[in-house]
Amino acid sequence: MSRHSLEIIQVKQSDVLYPPLLRRYLISAAPQAIYALGDLSILKHQKLGLFCSIKCPGNVILRLYDAAREWRDNGTTVISGFHSPMEKECLEILLRGTQPIIICPARSIENMRLPKNWIAALDEKRLLLLSPFDPKHRRVTADLAQKRNLFIAALADKILIAHIARGGKTESFAQMIRGWEKELLPAIS
């Protein structure tokens, strides 16, 4: 797949392809449109939302590596921003599998440079890049990252916050979504 053949699809709230979970959980904060690159049918899969604090203790790191290999081997569709160091490590493990993956960057996907292994997964129709941000949002900010995390949590069927650092952004995020009717898996310890 060449860079020129990658077509970003805009899905507006009025479109049949717009995920109803976004309106259900984000209510008035649901994006007016989402932007997708890849196979939109991946959204129909059961999705595990993965989050992990930037700082992560060694015992959690080892268990998270094992969990990522298990998800890869049993075909679990993982949705994440894959931004924190451990989320990035999990992505590398998942990209070696054949299961679907949904990557949600905290910025627009317009003009985003894609690593070769992402392009290969797009070619295999097992990767979906999904963003609630229009092309003017070209840089990651803390505000966009928070909105992206809520976007991911709204789309996920189950949520795993692998590690929550006390007083960190992940802790406040976890408090925000605790009232949602989502299965929150126990943190890895």
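Reply: Helix H2 (residues 58-74) packs against H3 at an angle of about 30 degrees, and their axes are 9 Å apart. Axes here are lines fitted to C-alpha atoms, for helices over the stretch in contact, with angles running from 0 to 180 degrees between N-to-C directions. Helices (H or I, at least four residues) are DSSP runs numbered from the N terminus. That angle makes H2 roughly parallel to H3, a label for angles under 35 degrees, whereas over 145 is roughly antiparallel, 65 to 115 roughly perpendicular and the rest oblique.

Me: What kind of model is it, and how are residues numbered?

Reply: This is a predicted model, where local features need pLDDT of at least 70, side-chain atom pairs count only at pLDDT 80 or more, and totals for chains, interfaces and linings use all residues. Residues are numbered from 1 along each chain as its sequence is written, and side-chain values use heavy atoms, with hydrogens and water left out.

Me: Which residues in H2 and H3 meet?

Reply: From H2, Ile61, Leu64, Tyr65, Ala68, Arg69, Trp71 and Arg72 meet Met86, Glu89, Cys90, Ile93 and Leu94 of H3, contact meaning heavy atoms within 4.5 Å. By class, this contact has nine nonpolar, no polar and three charged residues, where Ala, Val, Leu, Ile, Met, Phe, Trp, Tyr, Cys and Pro count as nonpolar, Asp, Glu, Lys and Arg as charged, and the others, Gly among them, as polar.

Me: And H3 with H4, at what angle do they pack?

Reply: Helix H3 (residues 85-95) and helix H4 (residues 116-123) pack at about 45 degrees, with axes 11 Å apart, and that makes H3 oblique to H4. Leu91, Glu92 and Leu95 in H3 meet Asn117, Trp118 and Ala121 in H4, a set that divides into four nonpolar, one polar and one charged.

Me: Switching to H5 and H6, what touches what?

Reply: Ala142, Gln146, Asn149, Leu150 and Ala153 in H5 meet Lys169, Phe173, Met176 and Ile177 in H6; these residues divide into six nonpolar, two polar and one charged. The angle between H5 (residues 142-155) and H6 (residues 169-177) is about 40 degrees, and the two helices are therefore oblique to each other.

Me: OK, pockets: what volume does the largest one have, and what lies nearest its centre?

Reply: The largest pocket has a volume of about 540 Å³, and of its 22 lining residues, Ile54, Ala145, Asn149, Lys169 and Thr170 lie nearest the centre. A pocket is an open set of points on a 1 Å grid over the protein atoms alone, where a 1.4 Å probe fits, with protein on both sides within 12 Å along at least five of seven lines, and lining residues have an atom within 4 Å of a point. Grid points are joined across faces, edges and corners, and the volume is the space filled by probe spheres set on them.

Me: How is the lining made up by class?

Reply: It has nine nonpolar, nine polar and four charged residues, and H5 and H6 each supply at least two residues of that lining.
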